[in-house]
Amino acid sequence: MKRSDASERQVQASNPADTVWLSANAGSGKTRVLTDRVARLLLRGVEPQHILCLTYTKAAATEMQNRLFRRLGEWAMKPDADLHHALAELGDDTRHAPGALAKARQLFARAIETPGGLRIQTIHSFCATLLRRFPLEAGVSPQFTELDDRAARLLRENIIEEMAEFRAPDVMAEVARAYTGEDFTALMEQVSAKRAGFANPLTEAQARVVFGVPSTEPSQTLLGDVLLGYEADLFAHILPALQNGGPTDSKTAARLAALDLASPSLATLSALEDALLFGGSAKAPYGAKIGSLPTKPTQKLIGNHQPQLDALMLRVEAARPRRIALQAAQKTAILHRFASTFLPLYEAAKAARGYLDFDDLITRAKALLTDPSVAAWVLFRLDGGIDHILVDEAQDTSPDQWRVIELLSAEFTAGLGTRDEARTLFVVGDKKQSIYSFQGADVAAFDEKQADFKASFMAAQQNFVPLELEYSFRSSPAILRVVDDTFADRFPKAMGASVHHLAYKSDLPGRVDLWPLLEKSEDPKDENWEDPVDLISETHHTARLAEKIAAHIKGLIDAGTQIPTDNGSRALHAGDVLILVQRRSALFSEIIRACKKANLPIAGADRLKLGAELAVKDLAALLSFLATPEDDLSLAALLRSPLCGWTEAELYALAQPRKGYLWETLRDTTTHPDTLAMLHDLRNNADFLRPYDLIERALTRHDGRRRLLARLGPEAEDGIDEFLSQALAFERSEIPSLTGFLIWLETDDIEVKRQMDSEGHRIRVMTVHGAKGLEAPLVILPDTGDRSPQDRDEIYVLADGTPVWKTPTDESPAEIAAIRGLRKDRAEEESLRLLYVALTRARTWLIVCGAGEAKKDGAWYRLVQQGMQAAAAEAIADGALRHSFGNWPETLSKQALISPNLLDLPDWALQPAITPDRPEQPLSPSDLGGAKVMPGEVDGSGEEAAKARGTALHLLLEHLPNTKRADWPTLGAALIPDALQRAAVLPEAEAVLSALPMIFAAEALAEVTLTARLNGQPMIGTIDRLLIGPDHILAVDFKSNHRTPSTPAEVPEGILRQMGAYATALAQIYPNHRIETAILWTRTATLMLLPPDIVRAAMQRATIP
């Protein structure tokens, strides 16, 4: 079979006999290759449970599983010729064997029936499965729960509160003095994430060694080397001259006068440095101001004191590196003391609750597979279960995750583990798309692990095949040309030796536009002090760029602009547009605002703060009012919300003037009956419903969801659904009270990640990280100017794995400065890879624009501009550059887009469909009204417990008569697992069976379902026991009431109506029989026959619609 070069390379990569290390360009079909390889493994007879496929995200796992099942399902239904062709395209060389096609058709059923299903999962999910399989060996609870980020954050905050209050207040006070950041939770999170580095906490002496500080040098020694004792006299003599000098001298004088030389500290040295040394941006950074301090006119006034001042400046200069290193060591020692207290408490809290966080899943699995006492056993058990491992997105795999993969595949190349049949490893990734370093990804490990695995497989004389997928099945040659010319071989460390793509769709038209950079606007003066400090004015360059983008998109859609596709061309719509930014900055929100202002359909932000969503604020106001009716502000917000729909004037008329609380005034009004009905209903249920049920009642029964969406748009649905999810999450972990839920919501700012892979005909605006794996016909990159990203990490890790507390840039010793420089280089390299990911999302049209400045070498705008120039881009209107390929389809007017051959539709197609009448709903004999219990019947167990007790008795009375009495205890245990409940009801059932054997004779029918007409309506019911004689019928119903009547006249009305319905139905079914009804009271084991006239009279009193 003749294949294209691109398809042939995919067939080579999916060969199940080889271990393959695949480098795949963006859009090269790696998911297709993964799916092909699994399918070919199955065709070779590999059992589904022997294949393990590890993906980076749950979405990727779901997508791959869906594709595989779709393909196997299609094979099951294909005719022979079509199936043979499909297997040939796949590269399967067993298709000619007898029974090969039948075997392929059976794969779908095999995969479905595999216990546990196909193992296509994230590595975290796999590790969780591994730990649940070997909980004792791993030292975890078999019922552990995976701890989500929010719950982990709340747990850490609780521990910090306990440490501050009573567990370790001295440690917390020490950390508080040293911490200068804004968010202490970030420090806790980083300590937790880097817990392995704190396994052996550093003492202060060890921390000094890390920074080259002599362990015997206290701060007093350093102070003594600088301050020799004459400094106070020196300053007393020179201060008058400095104070009378120029601005520079007088400023120096003020600094020196503020020093406390009587009791100096390291802070005193830092203040001396500020006064006597140059700054970090000077020609001689942090050098002594010899010759410059004081100024020359003042030097003449201090006379013989200048040499002493110069000597002091030199001592301060020499001591500065020692002071910085000493303070860094002290700060790091504080960090390790904090970690040594916090981490054990955190681990104990998780263990007490049965929690494992995501880092625990990896570290515990790694520990399990390396523990000398159990690792051999675990690997032996796994060895029979995993023969083929596939790893997706390998460039984003962390070192610990790589270690787990190495341990799982170690037996593939070791001794008997090699086996006779091939056991393979398949790894696919792309260094150019490694953009998740903040999640622990290590791009350098991709090449390192390739070398390691190659050596081990080659040593075992197994095939190890490195391959590349250069063809892009996604993008036009125009896009790929600019990508190649932007990167080429300029960044080997970040992008590899060379960036090169081949276009599979070699004739697909495409274009890349580079708009002129909008000039940076000056910040306007604050004219209104009430405006927010971060308000973006309409003349700001960010707002102008957003307006330009929105106007351009609207113009393209309104003009009927055509875009090329694989099947010709079609009109551009809003869903074809994907706008990517580097971060969720002001530009991000301004673009969304501008698109909404232009009435463009837009999907909203890809992430949202739950508490900031208007729909959530409205629902929270509702809950706050229900919890505290005296909360006037919450009630006012609720009334103005779409849930009630009041105008400002209506609210003002209610609130002013008034006496007492707003709710007291509202409930006395008659002008808004719908609002009052809703609030009364919700208040009446607030004490009985869980928070989730209460919210759902407001959204469904009272039409809240429709009202919110009608006012706020479809994007509000994500916030509403997440709010409901949070209510369920709260109820799983806490006592479900309304007040508790409101407090729980306020403890954290919840962020919702929206799935935007398919948003229909709506513009998508998202970060490049969120767009990984997505594509669109038209991609716009507006966030391309200069950036100065902040390093927000508080903890750095040295080369030997030691965590140290970051110090300010100008206060960093050499060890921290080196790590900071390395991190900066890595961030710049990752920025290049992020640009690559952004550029390769486009299929046919890419627009690059920006606002502000793009002067730095790493600015995306400059990089793309250089690529456009290398691609010989041409100038177009408004100063833009364009690189194009092929013949772009002509724009069609809206009239041309309307098909002239419209069909004449029949009248019925233009009319609303008739709403069909609801079919008759069957009546239930037990729902005909009336009381079911006697007055005063209260046993303290509650309604639910009473129902459970009745159900248990019915089960026993249904099944026990069919077995030997000696087997009743065993059967009772099977029917009623709850020992307490069984102990209460089994003796009662035995007493009934002993007292009334004729009711439970073999010829009696149990649980008889019958249907009939009752007053012209259908009725369905079930009779507990039915005895049918030659000329009469007895219907018996079991009742487990606590109080039983002594005469039929005392039987509750609802029970009489129920028996009357049974009698009416049986009379229709058996018109020639005498119908009798009876109640079996299980409490007293008595059978009470009901006179027909009493039953008939009760039936006549029943209200039947």
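Is L903 buried or exposed? L903 counts as exposed, because its relative accessibility is 72%; exposed means over 50% relative accessible area, buried under 20%, and partly exposed in between, with a 1.4 Å probe and protein chains only.

This is a predicted model, in which local features need pLDDT of at least 70 and side-chain atom pairs count only at pLDDT 80 or more, while totals for chains, interfaces and linings use all residues. Residues are numbered from 1 along each chain as its sequence is written, and side-chain values use heavy atoms, leaving out hydrogens and water.

**The open sheet**

- Six strands make up an open sheet with parallel pairing, in the order β3-β2-β6-β7-β1-β8.
- Strands here are DSSP runs (E, at least two residues), as are helices (H or I, at least four), numbered from the N terminus; two strands pair if DSSP finds at least two bridges between them.
- At the edges stand β3 (119-122) and β8 (464-469), each of which pairs on one side only.
- From one strand to the next, the twist averages 15°; axes are lines fitted to C-alpha atoms, for helices over the stretch in contact, and angles run from 0 to 180 degrees between N-to-C directions.
- Strand β1 (residues 19-24) runs parallel to β8, and six bridges join the two.
- T19 has F464 in β8 as its bridge partner.

**Helices on the sheet**

- Helix α1 (residues 5-13) packs on the sheet and touches β1, β7 (424-429) and β8, where contact means heavy atoms within 4.5 Å.
- The direction of α1 makes about 150° with that of β8.
- Helix α3 (residues 58-77) also packs on the sheet, touching β2 (51-55) and β3, and its direction makes about 160° with that of β3.

- Strands β12 (residues 562-565) and β13 (residues 568-571) are antiparallel and pair over four bridges.
- P564 has S569 in β13 as its bridge partner.

**The surroundings of G760**

- G760 sits in the loop between β17 (751-753) and β18 (763-767), and its relative accessible area of 45% makes G760 partly exposed.
- Leaving aside residues up to four places away in sequence, G760 touches H573 and G575.
- G760 and D576 are 184 residues apart along the chain, with 8.8 Å between their C-alpha atoms.

**The loop of L903**

- L903 belongs to the loop between α37 (894-897) and α38 (907-910).
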